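Okay, thanks everyone, let's get going. Have a look at this one with me.

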Amino acid sequence: MNLQFVVDGLLTGSMIGLGAIGVTLTYSILRFSNFAHGDFMAWGTYATLAVVGAIAAMFGKVAPIAPLSFGWPLIVALIVGAAFTALLALLLDKVLFSRLRKQEQAIIAVMGSFGASMALRSLLEFIFTSRPTYFSRAIQIAMPVGFGIRITPDQIALLILTAALVLGVHLLTTRTQTGRSMQAMSQNPALARIAGIDVASVVRVTWVIGAALACVAGVMIGVLVQIRPLMGFDMLLPMFAAAILGGIGSIPGAVLGGLIIGLAEAGAVQLIGAEWRAAVSFIILMAVLIVRPIGLFGVRER
Amino acid sequence: MIDLVGYGAFFLTTALIFSLITLGLNLQWGLTGLFNVGLAGFVAIGAYTSALLTTPDDPARLGGLGLPIVIGWLGAMFVGGVAAALTGIATLRLRSDYLAITTFGVAVVVQLVALNAQKLTGGPFGIGFIPRPFGGLAETPLLFNLSNLAIVSAVTLAAFLALERLTRSPWGRVLKALREDERAAISLGKSARFYRVQAFAVGGAIMALAGALQAHFIGFIAPDNYLSILTFQVWVMLIVGGSGSNAGAIAGSVLVWAIWAGSGALTSVLFAPEQQARAASLQIVAIGVMLCVILLARPNGIFGERPRRALFGKRTKVTASESGS
């Protein structure tokens with residue numbers, strides 16, 4: 001078996017893991033599984049693409065940074081795109097989710113997110129059509145790094161970016177006051193409120209982190225694979241599976257879950273064939289639900 | 001005029017098949033509170049099962065047993081029910097969100113199998129030559145459409161009456177009790193999980209039957225028929241009709257299908273052919289927004305029960321007269 005699947009798996013796993021952080025945070029703090037999360041990913045990617053286009057229109061063609069396929073416009077656009085995605089999430093929360101969360105049955109919010117997901121995705125199809133697009137059509141030469149593994153400069157850069165982001169979010173949630181408030185909210189919302197935690201600001205931070213990371217994950221898919229309106233929806237099942245495998249509420253768990261699913265998918269592609277890739281997350285999901293429903297790092301609900 | 005009657009029969013047949021799926025979802029969600037976002041998967045299971053049982057032998061494909069259509073329908077209900085029961089057994093002891101995520105996964109996997117297991121499902125090209133109940137009448141379209149309508153109406157009516165009876169039976173009352181106040185119901189000695197698995201399985205069997213009916217009505221099935229848009233349409237139908245009410249499920253299905261078909265016809269008139277795919281996506285946006293607005297304004301549906309007010313403690317009692325319409 002070719003070891004190339006390790007690199008492929010780590011990359012897919014990074015995309016899934018970054019997305020799963022948002023899923024796990026929404027689930028543990030806002031207490032519903034957000035089916036629109038994949039569409040945040042797609043919207044963030046298209047927003048980034050639009051900003052890249054706008055920069056190209058203003059400054060003309062910008063040369064890419066030495067070995068990479070992209071230059072500073074994509075980096076600037078990614079920051080703008082992440083901010084846009086965060087705003088989109090906050091807006092949706094204001095008009096939809098915050099009101100649905102107040103209702104007696106938590107599942108109503110899940111249903112609302114399902115409707116929102118359908119609307120968001122179709123709106124993208126309406127604006128950009130369902131034809132795939134790309135950030136760059138340049139072909140990168142993969143460098144051999146031994147053991148039969150090849151990797152492109154883009155892939156290295158994105159893996160480093162993922163590691164930095166995960167570390168940053170982990171530090172934010174464990175070392176800062178905001179992070180501790182988030183943990184308190186996820187463990188016991190009533191007690192957190194009594195302790196004087198600003199619930200509204202915790203909710204905002206949760207959406208901003210989740211949506212911004214979704215945008216980064218989407219742009220990764222855009223750089224390495226392609227951009228389609230359905231790209232986020234197709235990531236939904238792996239993201240949910242990763243969040244549950246890692247244990248709801250755990251950020252390291254979500255990332256580790258993402259990497260495990262990414263590696264399993266890449267392995268399955270080599271062994272069985274690419275067409276069965278999507279079944280891997282389902283099998284892992286079912287196994288976790290039957291064997292250990294609280295996941296790797298989960299805590300039993302009180 | 002005859003064309004209009006023919007189209008009316010065709011329209012109603014499709015709407016009633018949707019009603020049947022919505023009735024299944026109403027049993028799962030409206031009555032029992034089980035959230036199924038993968039119902040397209042169960043519809044597909046029914047359609048493919050019945051097709052494999054009844055189509056004539058085909059060397060390129062497994063199955064093709066050439067059995068009578070009724071056997072196909074019963075087989076579809078059985079396989080759909082078993083699939084739903086397994087899904088329920090695996091997830092119903094956990095939080096309700098896990099069932100939602102798992103059913104979503106079921107739909108994804110069914111879609112994958114339909115696309116890739118060429119030997120079984122014919123792959124992206126699907127299965128053709130599915131026998132039709134009144135295939136002999138195909139030369140006279142009007143008679144053919146009307147007889148199809150008759151048989152689909154009969155099946156839907158039977159399902160409706162059976163579900164109404166079930167709702168009023170002790171079994172249905174346990175389900176309602178579990179939905180309204182799980183702890184009280186459990187304290188009366190009812191196994192929550194056991195009853196929920198049953199309700200989920202029966203709902204899945206009804207959805208599978210609807211899939212089988214449609215397969216035999218159209219005569220051809222392909223994976224594209226069972227995308228998440230189908231799940232979404234049925235949810236809108238149930239919410240518009242008012243979850244919890246079987247009559248509402250049927251009314252909502254016919255109404256939403258009329259809006260859907262009408263707006264589809266309108267876009268095909270208003271937009272140039274090359275713009276139609278885009279216009280169709282706008283149609284989905286509109287329906288998605290509609291679902292969210294209904295959930296915000298009247299979570300129990302336009303025709304549904306009014307939101308229960310807290311009279312004593314948290315929830316009002318559920319009276320027997322509340323069941324049904």
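What should the 26 residues of helix H8 of chain A span at 1.5 Å a residue, and how far apart are its end C-alpha atoms? The expected span, 1.5 Å times one less than the number of residues, is 38 Å, and the end C-alpha atoms of H8(A), residues 199-224, are 38 Å apart, so the two agree. Helices here are DSSP runs of H or I of at least four residues, strands are E runs of at least two, and both are numbered from the N terminus.

Quick housekeeping: this is a predicted model, where local features need pLDDT of at least 70, side-chain atom pairs count only at pLDDT 80 or more, and totals for chains, interfaces and linings use all residues. Residues are numbered from 1 along each chain as its sequence is written, and chains are lettered from A and ligands numbered from 1 in the order in which they are written.

Back to H8(A): 20 of its 26 residues are buried, so the rest of the structure largely encloses it. Buried means 20 or more other C-beta atoms within 10 Å, exposed 12 or fewer, partly exposed in between, with C-beta atoms placed from the backbone. Met220(A) sits in that helix, and counts as buried with 25 C-beta neighbours inside 10 Å. Beyond four places in sequence, Met220(A) contacts Ser14(A), Met15(A) and Leu158(A); contact means C-beta atoms, placed from the backbone, within 7 Å.

Definitions and conventions
Two residues are in contact if their C-beta atoms, placed from the backbone, lie within 7 Å.
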